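Subject: A structure for you to look at

Hello,

Here is the structure I promised to pass on.

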Amino acid sequence: ILTVSGGSFLSNVAPYGGAVENMGSALLENVVFSGNFASSGGAVCNYGGSVYDEATSSTTYIGGTTTVAGGTFSANSATTGGAAANGWGLLNVSNAVFSANSATGGGAVANADSLSIAGGTFSGNSATSGGAILNSQWASATLLSGVFAENAATSQGGAVWNGGALEISGATFSLNETSRGGAACNAASGTLTVSGAAFYGNSASYWGGAVYNEGTATIEGGTFSTNVASYRGGAIYNGGTATIVGGAQFSQNVANASGGALCNASGASATVTGGAFTENSATYQGGAICNEGELQIFDATFEGNSAGYAGGAIYNMNSAAISGAVFSGNSATYGGGAVVNYGAATITDADFVGNRTTSQGGAILNSSGDLTVVGGTYSMNSAGSGGAIFNNGTASIAGGTFSGNSASRGNGGAIFNS
(Lines give C-alpha, C1' and ligand atoms only; values in the text may rest on other atoms or scores of the structure.)
Protein backbone atom coordinates (compact mmCIF):
# COMPACT_ATOMS: atom_id res chain seq x y z
CA ILE A 1 0.00 0.00 0.00
CA LEU A 2 1.44 3.34 -1.10
CA THR A 3 0.31 6.83 -0.13
CA VAL A 4 1.91 9.94 -1.60
CA SER A 5 0.67 13.34 -0.43
CA GLY A 6 2.00 16.48 -2.02
CA GLY A 7 5.42 16.72 -3.56
CA SER A 8 6.63 16.85 -7.15
CA PHE A 9 7.87 14.29 -9.66
CA LEU A 10 9.83 16.01 -12.43
CA SER A 11 11.52 14.61 -15.56
CA ASN A 12 11.65 10.98 -14.47
CA VAL A 13 12.00 8.19 -17.07
CA ALA A 14 11.03 4.50 -17.09
CA PRO A 15 9.48 1.97 -19.50
CA TYR A 16 6.27 1.85 -17.44
CA GLY A 17 5.19 4.75 -15.26
CA GLY A 18 7.82 7.40 -15.78
CA ALA A 19 7.34 8.52 -12.19
CA VAL A 20 5.19 5.83 -10.52
CA GLU A 21 4.21 2.28 -11.45
CA ASN A 22 1.66 0.62 -9.17
CA MET A 23 0.84 -3.08 -9.01
CA GLY A 24 -0.85 -2.97 -5.62
CA SER A 25 -2.85 -0.17 -4.00
CA ALA A 26 -1.77 3.46 -4.29
CA LEU A 27 -3.17 6.86 -3.30
CA LEU A 28 -1.64 9.90 -5.00
CA GLU A 29 -3.00 13.04 -3.38
CA ASN A 30 -2.31 16.57 -4.64
CA VAL A 31 0.92 15.52 -6.35
CA VAL A 32 2.61 17.43 -9.19
CA PHE A 33 3.82 15.39 -12.17
CA SER A 34 5.68 17.25 -14.92
CA GLY A 35 7.97 16.32 -17.76
CA ASN A 36 8.02 12.60 -17.03
CA PHE A 37 8.37 10.03 -19.83
CA ALA A 38 7.58 6.34 -20.38
CA SER A 39 6.45 3.91 -23.01
CA SER A 40 3.20 3.43 -21.06
CA GLY A 41 1.99 6.01 -18.56
CA GLY A 42 4.27 9.00 -18.84
CA ALA A 43 3.81 9.84 -15.17
CA VAL A 44 1.75 6.98 -13.70
CA CYS A 45 1.11 3.39 -14.77
CA ASN A 46 -1.40 1.19 -12.98
CA TYR A 47 -0.97 -2.51 -13.57
CA GLY A 48 -1.37 -5.78 -11.70
CA GLY A 49 0.27 -9.02 -10.78
CA SER A 50 -0.33 -12.64 -9.88
CA VAL A 51 -0.24 -14.76 -6.74
CA TYR A 52 0.55 -18.48 -6.97
CA ASP A 53 -0.95 -20.82 -4.37
CA GLU A 54 1.24 -23.93 -4.03
CA ALA A 55 -1.40 -25.77 -2.03
CA THR A 56 -3.93 -25.59 -4.84
CA SER A 57 -1.48 -25.14 -7.72
CA SER A 58 -3.55 -22.16 -8.85
CA THR A 59 -2.72 -18.62 -9.86
CA THR A 60 -4.81 -15.62 -8.91
CA TYR A 61 -4.47 -12.54 -11.06
CA ILE A 62 -4.99 -9.22 -9.29
CA GLY A 63 -5.17 -5.82 -10.94
CA GLY A 64 -3.74 -2.79 -9.21
CA THR A 65 -5.81 0.07 -7.82
CA THR A 66 -4.57 3.62 -8.16
CA THR A 67 -6.48 6.60 -6.83
CA VAL A 68 -5.51 10.09 -7.92
CA ALA A 69 -7.06 12.87 -5.83
CA GLY A 70 -6.29 16.34 -7.05
CA GLY A 71 -2.85 17.26 -8.29
CA THR A 72 -1.55 18.31 -11.69
CA PHE A 73 -0.12 16.46 -14.69
CA SER A 74 1.67 18.66 -17.22
CA ALA A 75 3.94 18.04 -20.20
CA ASN A 76 4.30 14.33 -19.53
CA SER A 77 4.62 12.04 -22.55
CA ALA A 78 4.40 8.40 -23.56
CA THR A 79 3.48 6.14 -26.43
CA THR A 80 0.30 5.18 -24.55
CA GLY A 81 -1.21 7.42 -21.88
CA GLY A 82 0.80 10.62 -21.90
CA ALA A 83 0.14 11.27 -18.21
CA ALA A 84 -1.39 8.02 -16.97
CA ALA A 85 -2.03 4.51 -18.28
CA ASN A 86 -4.27 1.88 -16.74
CA GLY A 87 -3.19 -1.46 -18.13
CA TRP A 88 -4.81 -3.78 -15.62
CA GLY A 89 -6.98 -2.89 -12.66
CA LEU A 90 -8.81 0.20 -11.51
CA LEU A 91 -7.77 3.81 -11.97
CA ASN A 92 -9.80 6.44 -10.09
CA VAL A 93 -9.13 10.12 -10.82
CA SER A 94 -10.89 13.04 -9.16
CA ASN A 95 -10.46 16.79 -9.55
CA ALA A 96 -7.03 16.61 -11.16
CA VAL A 97 -5.63 18.93 -13.83
CA PHE A 98 -4.13 17.48 -17.02
CA SER A 99 -2.48 19.91 -19.42
CA ALA A 100 -0.15 19.66 -22.40
CA ASN A 101 0.46 15.92 -22.04
CA SER A 102 1.05 13.92 -25.23
CA ALA A 103 1.00 10.36 -26.56
CA THR A 104 0.19 8.33 -29.63
CA GLY A 105 -2.92 6.99 -27.89
CA GLY A 106 -4.58 8.93 -25.05
CA GLY A 107 -2.77 12.24 -24.70
CA ALA A 108 -3.60 12.43 -20.99
CA VAL A 109 -5.00 9.00 -20.01
CA ALA A 110 -5.14 5.61 -21.74
CA ASN A 111 -7.37 2.91 -20.24
CA ALA A 112 -7.37 -0.82 -20.96
CA ASP A 113 -9.41 -1.98 -17.96
CA SER A 114 -11.56 0.12 -15.60
CA LEU A 115 -11.39 3.91 -15.34
CA SER A 116 -13.37 6.46 -13.34
CA ILE A 117 -12.85 10.21 -13.73
CA ALA A 118 -14.81 12.78 -11.71
CA GLY A 119 -14.35 16.49 -12.22
CA GLY A 120 -11.04 18.02 -13.14
CA THR A 121 -9.76 19.75 -16.23
CA PHE A 122 -8.18 18.36 -19.39
CA SER A 123 -6.71 21.04 -21.64
CA GLY A 124 -4.18 21.21 -24.42
CA ASN A 125 -3.43 17.49 -24.44
CA SER A 126 -2.64 15.80 -27.77
CA ALA A 127 -2.44 12.39 -29.41
CA THR A 128 -2.99 10.57 -32.67
CA SER A 129 -6.25 9.15 -31.24
CA GLY A 130 -7.95 10.43 -28.09
CA GLY A 131 -6.39 13.82 -27.49
CA ALA A 132 -7.19 13.56 -23.78
CA ILE A 133 -8.68 10.07 -23.15
CA LEU A 134 -8.39 6.74 -24.94
CA ASN A 135 -10.66 3.92 -23.75
CA SER A 136 -9.68 0.65 -25.43
CA GLN A 137 -11.86 -2.17 -26.69
CA TRP A 138 -13.10 -4.35 -23.80
CA ALA A 139 -12.34 -1.52 -21.34
CA SER A 140 -14.92 0.49 -19.38
CA ALA A 141 -14.79 4.13 -18.34
CA THR A 142 -16.97 6.71 -16.63
CA LEU A 143 -16.43 10.45 -17.02
CA LEU A 144 -18.46 12.47 -14.54
CA SER A 145 -18.50 16.24 -15.06
CA GLY A 146 -15.10 17.70 -15.82
CA VAL A 147 -13.94 20.13 -18.51
CA PHE A 148 -12.26 19.09 -21.76
CA ALA A 149 -10.92 22.09 -23.66
CA GLU A 150 -8.56 22.60 -26.60
CA ASN A 151 -7.38 19.01 -26.78
CA ALA A 152 -6.36 17.74 -30.22
CA ALA A 153 -5.88 14.48 -32.11
CA THR A 154 -4.32 14.15 -35.54
CA SER A 155 -6.63 11.25 -36.46
CA GLN A 156 -9.80 10.85 -34.38
CA GLY A 157 -11.35 11.84 -31.07
CA GLY A 158 -10.11 15.34 -30.32
CA ALA A 159 -10.81 14.84 -26.62
CA VAL A 160 -11.99 11.23 -26.29
CA TRP A 161 -11.64 8.00 -28.31
CA ASN A 162 -13.74 5.01 -27.23
CA GLY A 163 -13.57 1.39 -28.35
CA GLY A 164 -15.13 -0.13 -25.23
CA ALA A 165 -17.92 1.02 -22.92
CA LEU A 166 -17.91 4.70 -22.03
CA GLU A 167 -20.39 6.77 -20.02
CA ILE A 168 -20.12 10.56 -19.99
CA SER A 169 -22.31 12.63 -17.67
CA GLY A 170 -22.39 16.38 -17.23
CA ALA A 171 -19.01 17.10 -18.81
CA THR A 172 -18.20 20.12 -20.96
CA PHE A 173 -16.29 19.81 -24.24
CA SER A 174 -15.10 22.99 -25.95
CA LEU A 175 -12.70 23.84 -28.76
CA ASN A 176 -11.37 20.32 -29.18
CA GLU A 177 -10.33 19.32 -32.70
CA THR A 178 -9.40 16.43 -35.01
CA SER A 179 -10.40 14.95 -38.37
CA ARG A 180 -13.22 12.70 -37.06
CA GLY A 181 -15.11 13.51 -33.88
CA GLY A 182 -13.91 16.91 -32.73
CA ALA A 183 -14.78 16.07 -29.13
CA ALA A 184 -15.45 12.31 -29.16
CA CYS A 185 -15.01 9.35 -31.50
CA ASN A 186 -16.89 6.12 -30.80
CA ALA A 187 -15.45 3.19 -32.77
CA ALA A 188 -17.44 0.31 -34.25
CA SER A 189 -16.71 -1.79 -31.15
CA GLY A 190 -17.73 1.01 -28.78
CA THR A 191 -20.83 1.71 -26.72
CA LEU A 192 -21.14 5.39 -25.83
CA THR A 193 -23.69 6.98 -23.50
CA VAL A 194 -23.66 10.76 -23.08
CA SER A 195 -26.07 12.47 -20.69
CA GLY A 196 -26.39 16.15 -19.90
CA ALA A 197 -23.11 17.10 -21.52
CA ALA A 198 -22.29 20.34 -23.34
CA PHE A 199 -20.39 20.54 -26.62
CA TYR A 200 -19.29 24.00 -27.77
CA GLY A 201 -17.06 25.07 -30.63
CA ASN A 202 -15.50 21.68 -31.34
CA SER A 203 -14.34 21.02 -34.90
CA ALA A 204 -13.51 18.21 -37.31
CA SER A 205 -11.70 18.59 -40.61
CA TYR A 206 -13.92 15.84 -42.05
CA TRP A 207 -16.83 14.31 -40.09
CA GLY A 208 -18.55 14.99 -36.79
CA GLY A 209 -17.67 18.38 -35.39
CA ALA A 210 -18.52 17.18 -31.88
CA VAL A 211 -19.18 13.40 -32.09
CA TYR A 212 -18.27 10.72 -34.64
CA ASN A 213 -20.03 7.40 -34.10
CA GLU A 214 -19.51 4.04 -35.80
CA GLY A 215 -20.76 1.92 -32.89
CA THR A 216 -23.75 2.36 -30.59
CA ALA A 217 -24.33 5.81 -29.16
CA THR A 218 -27.04 7.20 -26.90
CA ILE A 219 -27.33 10.95 -26.35
CA GLU A 220 -29.56 11.95 -23.44
CA GLY A 221 -30.24 15.67 -23.31
CA GLY A 222 -27.37 18.10 -23.35
CA THR A 223 -26.35 20.93 -25.65
CA PHE A 224 -24.53 20.98 -28.99
CA SER A 225 -23.71 24.50 -30.15
CA THR A 226 -21.35 26.13 -32.66
CA ASN A 227 -19.60 22.88 -33.56
CA VAL A 228 -18.21 22.68 -37.10
CA ALA A 229 -17.40 19.89 -39.56
CA SER A 230 -15.56 20.77 -42.74
CA TYR A 231 -17.44 18.01 -44.50
CA ARG A 232 -20.43 16.28 -42.87
CA GLY A 233 -22.22 16.32 -39.51
CA GLY A 234 -21.57 19.67 -37.88
CA ALA A 235 -22.43 18.27 -34.46
CA ILE A 236 -22.79 14.50 -34.98
CA TYR A 237 -21.80 12.08 -37.72
CA ASN A 238 -23.48 8.71 -37.28
CA GLY A 239 -22.26 5.64 -39.11
CA GLY A 240 -23.67 3.16 -36.59
CA THR A 241 -26.72 3.26 -34.33
CA ALA A 242 -27.59 6.53 -32.62
CA THR A 243 -30.42 7.34 -30.23
CA ILE A 244 -30.97 10.98 -29.29
CA VAL A 245 -33.49 11.57 -26.50
CA GLY A 246 -34.18 13.74 -23.49
CA GLY A 247 -34.60 17.08 -25.20
CA ALA A 248 -31.11 17.53 -26.64
CA GLN A 249 -30.51 21.03 -28.02
CA PHE A 250 -28.67 21.61 -31.32
CA SER A 251 -27.98 25.21 -32.26
CA GLN A 252 -25.75 27.04 -34.73
CA ASN A 253 -23.79 23.97 -35.74
CA VAL A 254 -22.29 24.07 -39.23
CA ALA A 255 -21.36 21.51 -41.88
CA ASN A 256 -19.54 22.75 -44.94
CA ALA A 257 -21.19 19.99 -47.01
CA SER A 258 -24.23 18.27 -45.45
CA GLY A 259 -26.01 17.77 -42.13
CA GLY A 260 -25.48 20.95 -40.14
CA ALA A 261 -26.37 19.20 -36.88
CA LEU A 262 -26.58 15.49 -37.78
CA CYS A 263 -25.44 13.38 -40.71
CA ASN A 264 -26.86 9.84 -40.68
CA ALA A 265 -24.78 7.81 -43.12
CA SER A 266 -25.77 5.00 -45.47
CA GLY A 267 -26.42 1.80 -43.51
CA ALA A 268 -26.76 3.71 -40.25
CA SER A 269 -29.79 4.13 -37.99
CA ALA A 270 -30.76 7.25 -36.03
CA THR A 271 -33.74 7.95 -33.78
CA VAL A 272 -34.47 11.44 -32.47
CA THR A 273 -37.11 11.97 -29.79
CA GLY A 274 -37.88 15.51 -28.67
CA GLY A 275 -35.31 18.23 -28.58
CA ALA A 276 -34.73 21.26 -30.76
CA PHE A 277 -32.66 22.03 -33.85
CA THR A 278 -32.19 25.77 -34.15
CA GLU A 279 -30.22 27.86 -36.66
CA ASN A 280 -28.02 25.01 -37.84
CA SER A 281 -26.69 25.27 -41.38
CA ALA A 282 -25.12 23.29 -44.20
CA THR A 283 -23.42 24.74 -47.23
CA TYR A 284 -25.00 22.15 -49.47
CA GLN A 285 -27.86 20.02 -48.09
CA GLY A 286 -29.69 19.29 -44.83
CA GLY A 287 -29.34 22.40 -42.70
CA ALA A 288 -30.16 20.36 -39.60
CA ILE A 289 -30.12 16.70 -40.75
CA CYS A 290 -28.88 14.83 -43.80
CA ASN A 291 -30.08 11.24 -43.92
CA GLU A 292 -28.74 8.41 -46.10
CA GLY A 293 -29.80 5.60 -43.73
CA GLU A 294 -32.80 4.89 -41.51
CA LEU A 295 -34.15 7.95 -39.67
CA GLN A 296 -36.99 8.33 -37.18
CA ILE A 297 -38.01 11.63 -35.63
CA PHE A 298 -40.63 12.13 -32.92
CA ASP A 299 -41.84 15.47 -31.54
CA ALA A 300 -38.74 17.50 -32.35
CA THR A 301 -38.64 21.18 -33.27
CA PHE A 302 -36.76 22.59 -36.28
CA GLU A 303 -36.49 26.36 -36.40
CA GLY A 304 -34.41 28.72 -38.50
CA ASN A 305 -32.18 26.06 -40.05
CA SER A 306 -30.79 26.69 -43.53
CA ALA A 307 -29.14 24.94 -46.47
CA GLY A 308 -27.26 26.59 -49.29
CA TYR A 309 -28.69 24.10 -51.77
CA ALA A 310 -31.68 22.04 -50.57
CA GLY A 311 -33.46 20.79 -47.46
CA GLY A 312 -33.33 23.67 -45.01
CA ALA A 313 -34.05 21.34 -42.09
CA ILE A 314 -33.91 17.76 -43.46
CA TYR A 315 -32.53 16.20 -46.63
CA ASN A 316 -33.62 12.57 -46.96
CA MET A 317 -32.10 10.13 -49.45
CA ASN A 318 -33.26 6.85 -47.95
CA SER A 319 -35.93 6.16 -45.31
CA ALA A 320 -37.41 8.73 -42.95
CA ALA A 321 -40.40 8.64 -40.60
CA ILE A 322 -41.31 11.97 -39.00
CA SER A 323 -44.11 12.33 -36.46
CA GLY A 324 -45.34 15.30 -34.45
CA ALA A 325 -42.49 17.59 -35.44
CA VAL A 326 -42.64 21.36 -35.87
CA PHE A 327 -40.82 23.11 -38.73
CA SER A 328 -40.74 26.89 -38.67
CA GLY A 329 -38.69 29.50 -40.48
CA ASN A 330 -36.37 27.05 -42.21
CA SER A 331 -34.96 27.93 -45.63
CA ALA A 332 -33.09 26.56 -48.62
CA THR A 333 -31.97 28.22 -51.81
CA TYR A 334 -32.93 25.67 -54.45
CA GLY A 335 -35.71 23.57 -52.94
CA GLY A 336 -37.42 22.21 -49.86
CA GLY A 337 -37.42 25.07 -47.38
CA ALA A 338 -37.90 22.51 -44.61
CA VAL A 339 -37.69 19.01 -46.13
CA VAL A 340 -36.37 17.41 -49.31
CA ASN A 341 -37.22 13.77 -50.03
CA TYR A 342 -35.38 11.65 -52.57
CA GLY A 343 -36.21 8.36 -50.81
CA ALA A 344 -39.22 7.14 -48.86
CA ALA A 345 -40.62 9.55 -46.29
CA THR A 346 -43.69 9.47 -44.06
CA ILE A 347 -44.65 12.69 -42.30
CA THR A 348 -47.43 12.46 -39.73
CA ASP A 349 -49.13 15.28 -37.80
CA ALA A 350 -46.31 17.75 -38.36
CA ASP A 351 -46.64 21.52 -38.47
CA PHE A 352 -44.88 23.59 -41.15
CA VAL A 353 -44.97 27.35 -40.62
CA GLY A 354 -43.15 30.07 -42.52
CA ASN A 355 -40.62 27.86 -44.30
CA ARG A 356 -39.33 29.19 -47.61
CA THR A 357 -37.33 28.71 -50.78
CA THR A 358 -37.08 30.72 -53.97
CA SER A 359 -37.36 27.50 -55.97
CA GLN A 360 -39.58 24.45 -55.34
CA GLY A 361 -41.48 23.40 -52.21
CA GLY A 362 -41.58 26.01 -49.48
CA ALA A 363 -42.18 23.31 -46.88
CA ILE A 364 -41.52 20.03 -48.73
CA LEU A 365 -39.91 19.11 -52.04
CA ASN A 366 -40.58 15.52 -53.05
CA SER A 367 -38.09 14.92 -55.85
CA SER A 368 -38.47 11.48 -57.43
CA GLY A 369 -39.25 10.06 -53.99
CA ASP A 370 -42.16 8.31 -52.31
CA LEU A 371 -43.89 10.71 -49.92
CA THR A 372 -46.75 10.04 -47.51
CA VAL A 373 -48.26 12.97 -45.58
CA VAL A 374 -50.89 12.41 -42.90
CA GLY A 375 -52.55 15.32 -41.13
CA GLY A 376 -50.60 18.32 -39.94
CA THR A 377 -50.79 22.01 -40.73
CA TYR A 378 -49.10 24.00 -43.50
CA SER A 379 -49.26 27.76 -43.16
CA MET A 380 -47.42 30.80 -44.50
CA ASN A 381 -44.86 28.73 -46.41
CA SER A 382 -43.54 30.20 -49.64
CA ALA A 383 -41.71 29.14 -52.79
CA GLY A 384 -41.38 29.89 -56.47
CA SER A 385 -43.55 26.82 -57.17
CA GLY A 386 -45.49 24.77 -54.64
CA GLY A 387 -45.78 27.15 -51.72
CA ALA A 388 -46.21 24.25 -49.28
CA ILE A 389 -45.44 21.08 -51.27
CA PHE A 390 -43.83 20.48 -54.65
CA ASN A 391 -44.23 16.91 -55.91
CA ASN A 392 -42.08 15.43 -58.63
CA GLY A 393 -42.43 11.83 -57.45
CA THR A 394 -45.22 9.83 -55.83
CA ALA A 395 -47.13 11.57 -53.07
CA SER A 396 -50.11 10.62 -50.92
CA ILE A 397 -51.68 13.35 -48.76
CA ALA A 398 -54.40 12.51 -46.24
CA GLY A 399 -56.03 15.28 -44.26
CA GLY A 400 -54.12 18.28 -43.06
CA THR A 401 -54.78 22.02 -43.22
CA PHE A 402 -53.19 24.36 -45.80
CA SER A 403 -53.53 28.11 -45.26
CA GLY A 404 -51.74 31.26 -46.36
CA ASN A 405 -49.09 29.51 -48.45
CA SER A 406 -47.82 31.23 -51.60
CA ALA A 407 -45.98 30.62 -54.89
CA SER A 408 -44.27 33.63 -56.42
CA ARG A 409 -44.33 32.14 -59.93
CA GLY A 410 -48.03 31.32 -59.67
CA ASN A 411 -47.53 27.55 -59.70
CA GLY A 412 -49.48 25.98 -56.87
CA GLY A 413 -49.85 28.28 -53.91
CA ALA A 414 -50.23 25.25 -51.63
CA ILE A 415 -49.35 22.21 -53.77
CA PHE A 416 -47.76 21.84 -57.18
CA ASN A 417 -47.73 18.40 -58.84
CA SER A 418 -45.22 18.08 -61.64
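**What I found**

E214 counts as partly exposed, at 33% relative accessibility (buried means under 20% relative accessible area, exposed over 50%, and partly exposed in between, with a 1.4 Å probe and protein chains only). Before going further, please note that this is a predicted model, where local features need pLDDT of at least 70, side-chain atom pairs count only at pLDDT 80 or more, and totals for chains, interfaces and linings use all residues. Residues are numbered from 1 along each chain as its sequence is written, and side-chain values use heavy atoms, with hydrogens and water left out.

**The salt bridges**

There are two salt bridges in the structure (a side-chain nitrogen of Lys or Arg within 4 Å of a carboxyl oxygen of Asp or Glu). In one of them, E214 pairs with R180, at 3.8 Å from N to O. E214 sits in the loop between β32 (211-213) and β33 (216-220), while R180 belongs to strand β27 (residues 177-180), so this pair ties together parts that are 34 residues apart in sequence. R180 is partly exposed too, at 21% relative accessibility.

R232 and E292 also form a salt bridge, and their closest N and O atoms are 2.5 Å apart. Here both partners are in loops: E292 between β44 (289-291) and β45 (294-298), R232 between β35 (228-229) and β36 (236-238), so the pair ties together parts that are 60 residues apart in sequence. E292 is partly exposed, with a relative accessible area of 21%, whereas R232 is buried at 10%.

**The chain as a whole**

The chain has zero helices and 64 strands (DSSP runs numbered from the N terminus: H or I of at least four residues for helices, E of at least two for strands). Its C-alpha atoms fill a box of roughly 85 × 45 × 25 Å along the principal axes. Of its 418 residues, 53% count as buried. Among contacts (heavy atoms within 4.5 Å) between residues at least 6 apart in sequence, 78% join residues at least 24 apart.

**One residue to look up**

Where is T271 placed? T271 is in strand β41 (residues 269-273), and at 19% relative accessibility T271 counts as buried. Beyond its neighbours within four places in sequence, T271 is in contact with A242, T243, I244, Q296 and F298.

Enjoy exploring!
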